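Here is a short briefing on a ligand site and on helix packing. Please keep the sequence and the structure open while reading.

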Amino acid sequence: MHNITLIKGDGIGPEISDAVVEILDKAGAKINWDIQTAGADVAETEGDPLPKRVIESIKKNKTALKAPVTTPIGKGFRSVNVRLRKELDLYANIRPCKNIEGIKTPFDNVDLVVVRENTEDLYAGIEEKIDENTMHAIKVITRKSSTRIVEYAFNYAKKMGRKTVWAVTKANICKLTDGLFLDCAREVAKNYPEIEYKEILVDALCMQLVQNPSKFDVLVMPNLYGDIVSDLTAGLIGGLGVAQGANMGVDCAVFEPVHGSAPDIKGQNLANPTALLLCAIEMLKYLNEFEIAKKVENAVYKTIKEGKVLTKDLGGNSTTTEFTKEIIRNL
Ligand code: NAI
């Protein structure tokens with residue numbers, strides 16, 4: 001039996017969480033879910049959108065599955081997601097991106113991984129008001145964080161049998177900050193002669209990704225570029241509904257999809273639970289539950305390939321409930 005912290009989040013979070021819990025249960029996964037609430041409602045009742053009990057639960061269980069949590073735009077509390085990553089030092093955000101058979105996209109040979117630094121850059125949230133008309137934000141890049149994220153990318157490439165690691169920056173403009181990131185990448189690359197090392201500017205990367213994505217393999221980059229590029233790469237394989245992710249630290253792992261809480265479709269039984277389900281599959285593999293992981297993976301891929309029961313974002317007209325039932329039928 002595995003003890004796993006489950007954050008159901010808000011928006012579509014609870015709908016997709018319930019779907020995933022049901023599928024894993026029917027697949028025979030032995031999981032004791034430690035359900036923890038976080039977000040705006042919790043801020044009202046407990047005075048903090050990310051109370052200590054959530055952090056303590058993840059520290060105790062070491063593994064969490066997390067649905068999205070809404071962040072107020074331009075005002076209000078700091079992102080729960082960003083705080084969680086920072087407080088647990090989940091320094092590596094891994095976003096694999098591979099075509100899924102049955103989802104029609106302009107390319108059918110995408111197989112890349114975005115490795116995003118998860119703790120600093122403009123996400124450090126250091127902003128200051130100079131006067132009414134001038135605001136500053138500070139981009140924080142350190143040798144320690146840059147070195148360990150690039151090391152993570154190379155180790156990941158080695159473990160997964162991948163061939164190339166690309167360092168992605170804007171070092172021509174951000175000469176000191178991205179320049180430091182690039183220095184660290186070059187140093188680390190020397191220790192991995194079996195993996196090819198390449199560099200590319202983030203703007204050139206974006207253009208080439210939409211022209212010829214199959215040339216890319218493992219892409220490692222600072223936080224903000226990783227955020228933006230991984231939404232782009234999600235688009236290459238069928239959108240946010242199928243884009244998975246994981247936040248890895250030294251002691252803990254939090255598996256969460258790329259997408260947000262999708263308030264526009266909240267409570268309408270329209271959300272696609274695939275992204276969170278793919279995260280749960282990666283979590284099962286992380287827990288060495290390979291057999292159950294494979295069983296769930298086969299069921300979700302079969303459902304999508306058959307194309308009879310699909311959610312709207314995948315071009316179908318089925319509800320979250322119908323799609324979930326079809327995956328369970330295919331287990
Ligand atoms: P979003 O990812 O929630 O939605 C963008 C578009 O994709 C919407 O049209 C939405 O309906 C669609 N979409 C997303 N996930 C879907 C799914 N599973 N099935 C079907 N359609 C799906 O991005 P948005 O609107 O920018 O953010 C909404 C909120 O989520 C914000 O408060 C944001 O801060 C938060 N957010 C939270 C994240 C997290 O908890 N890790 C990550 C990203 C955003």
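**Ligand site and helix packing**

A polar backbone atom of G260 sits 2.7 Å from an oxygen atom of the ligand. Such a polar contact is a pair of N or O atoms within 3.5 Å; within protein, one must be able to donate a hydrogen and the other to accept it, and residues adjacent in sequence count only if both atoms are side-chain atoms. The protein buries 70% of the 810 Å² that the ligand exposes when taken alone. Accessible areas come from the Shrake-Rupley method with a 1.4 Å probe, and for residues only the protein chains shown count as cover.

This is a predicted model: local features need pLDDT of at least 70, side-chain atom pairs count only at pLDDT 80 or more, and totals for chains, interfaces and linings use all residues. Residues are numbered from 1 along each chain as its sequence is written, and side-chain values use heavy atoms, with hydrogens and water left out.

**Ligand shell**

- The ligand is surrounded by 21 residues (a heavy atom within 4 Å).
- The closest are T71, N81, G260, A262 and D264.
- The shell divides into 9 nonpolar, 7 polar and 5 charged residues. Here Ala, Val, Leu, Ile, Met, Phe, Trp, Tyr, Cys and Pro count as nonpolar, Asp, Glu, Lys and Arg as charged, and the others, Gly among them, as polar.
- T71 places a polar backbone atom 2.8 Å from an oxygen atom of the ligand.
- K66 uses its side chain: an N or O atom there is 3.2 Å from an oxygen atom of the ligand.

**Loops with positive phi**

- A262 is not a glycine, yet its phi is positive, at about 40°. A262 lies in the loop between β12 (253–255) and α9. Helices (H or I, at least four residues) and strands (E, at least two) are DSSP runs, numbered from the N terminus.
- N288, also a residue other than glycine, has a positive phi near 65°. The loop between α9 and α10 holds N288.

**Helix pairs**

- Two packed helices are described by the angle between their axes and the distance between the axes. Axes are lines fitted to C-alpha atoms, for helices over the stretch in contact, and angles run from 0 to 180 degrees between N-to-C directions.
- The axes of α9 (residues 274–286) and α10 (residues 290–306) come within 8 Å and cross at roughly 155°. The two are therefore roughly antiparallel. Angles under 35 degrees count as roughly parallel, over 145 as roughly antiparallel, 65 to 115 as roughly perpendicular and the rest as oblique.
- α10 packs against α11 (residues 320–329) at about 120°, with axes 8 Å apart. α10 and α11 are therefore oblique to each other.
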